[in-house]
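Let's walk through a structure together, one step at a time. Take a look at it first, and then read on.

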There are 2 protein chains.
Amino acid sequence: MDWTLDPTSRLGIIAGGGHLPILLAQACQSMHCPYFVIGIESFARPSDFDDCESAWVTFGQVGHVLELLKEKSCTSVVMAGEVRRPDFRSLKLDWKGAKLLPKILNAARGGDDALLSLLIKTFEEEGLNVIGADDVISGLLIPAGNLGKYGPSLEDFQDIKRAMDVTAALGSLDIGQAAVVCHQLVLAVEAVEGTDAMLARCLDISTDLRGTPDNRRGVLVKTPKPGQERRVDLPTIGVQTVERAAVVGLSGIALAADGALIIHRDDVIRTADAAGLFVTGI
Amino acid sequence: MDWTLDPTSRLGIIAGGGHLPILLAQACQSMHCPYFVIGIESFARPSDFDDCESAWVTFGQVGHVLELLKEKSCTSVVMAGEVRRPDFRSLKLDWKGAKLLPKILNAARGGDDALLSLLIKTFEEEGLNVIGADDVISGLLIPAGNLGKYGPSLEDFQDIKRAMDVTAALGSLDIGQAAVVCHQLVLAVEAVEGTDAMLARCLDISTDLRGTPDNRRGVLVKTPKPGQERRVDLPTIGVQTVERAAVVGLSGIALAADGALIIHRDDVIRTADAAGLFVTGI
């Protein structure tokens, strides 16, 4: 956390969609830590950062981001929030983006993780200190054990084991980070659609094969990819994840301990307890 | 194909959903080969077998199936068509099913393939000759090469390679047999929902990431699971698969040569040619 040591420098927050970048800005405010938000257009919502000093960029403006960070005296930078990979053929690149393009296209073939690693390496080569959201906000990483009042049954543990085998395989191929398993049967596997869409489609599966809110069974598991760059793109859950898991009749959610972020932990626990779901770090 | 050698015996067709069991009955009729259909209720449609001698069973009536096969002088048996695994707790089992239950539950933990292997082993222990649909209908297996007038581009081949890495990993974990990849990005991965549902949801993916009917890109790949029991549950495509692949803007469909079945091959080729898709065996 050496980014807090130098009061003359600021933390650059590169913001995608969702709650996490907002939480980061709020954390900086409450810690009186100077920061500057660089929002990615069409992912982050400008209205969420009305009271922050901010600038807005599009995908491909890597050079502009670097200029902004220097201009605003940011020596550390954190990237957070959801971003979908762009269509590289319609991408508008600035000088730095264009210079990076061959490397970007090569990294894109290796998947999201290779792309993010390239971006981090580029920042670091410019002398920036790249940190993770969990370096800024303590208590964001899920610890080992149950978060709320419920925990997995023996059968849930067997489903968690199977789902973790699946997410390890998905991760090593850079496909996705999440899977749903019910009584050893893999109900759904995440690719680009994201966890919420994956959970939503579980509603289409016959209740012969899945649980219901009255008779919960099956688990959602999210784990980081093996060897994943942990400063960005750690698996994340929030209240909505718990709500969707509840609707499709799952018993609970298991995450890799110290390998996933919980957004609004208190609300997540409250929602899970009210619905009778476990949320656990393994 | 020794099942055709004995004119006093019949071929038992255990029929799930879809066209394949119907094609099998038609093939037997046109070859004047005696056969008997055992339809699985709520999967096979009785009206599809109006002009066949048939009986109907539910899941779990393994003993009744064995009795029917003996009574009808079936010495060979073929299992074909879609069947979803049952909910084992609501399963009505007959004597043989009940006797098998511990083995069935154990196999179910190993996935669909373990279940099917157990069923085949049970039939074989009763002296039955279990054959594949492709032993009955020649030309059902896809050969190597392009079926219609289109073939994969170099970029399509790279997507096919990536998708085959994905289906190999899915298969070794007994998750599913199919994946969609577009420009190296894994758009969708099949679990229990089936290939048609997987293709349907690709429509929800941004056209930044996938092709369109005017600008086709990306491939559907289906391959058998490594070590899969090849007499049942080989990957299958038909006209509907091609139609759905066309709607979501894919360039084509690649299957493992000699490892997948094409239902109504002529219609599949005609549909693919009309839409500008390739169908190829690799």
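What pLDDT does chain A average? Chain A averages 89, and 94% of the residues score at least 70; pLDDT is the predictor's confidence in each residue, from 0 to 100. This is a predicted model, in which local features need pLDDT of at least 70 and side-chain atom pairs count only at pLDDT 80 or more, while totals for chains, interfaces and linings use all residues. Residues are numbered from 1 along each chain as its sequence is written, chains are lettered from A and ligands numbered from 1 in the order in which they are written, and side-chain values use heavy atoms, leaving out hydrogens and water. For the complex, the predictor gives an ipTM of 0.83 and a pTM of 0.87.

Now see how the chains are related. The same surface serves both copies, as 100% of the contact residues of chain B recur in chain A; contact means heavy atoms within 4.5 Å.

Next, find helix α4 of chain A, residues 112-125 (helices are DSSP runs of H or I with at least four residues, numbered from the N terminus). Among the buried residues of α4(A) are Asp113(A), Leu116(A) and Phe123(A), where buried means under 20% relative accessible area with a 1.4 Å probe, protein chains only. Just after α4(A), Gly127(A) takes a positive phi of about 90°.

Terms used:
Helix = DSSP H or I, 4+ residues; strand = E, 2+ residues; numbered from the N terminus. Expected span 1.5 Å × (residues − 1). Buried < 20%, exposed > 50% of the residue type's maximum accessible area, 1.4 Å probe, protein only.
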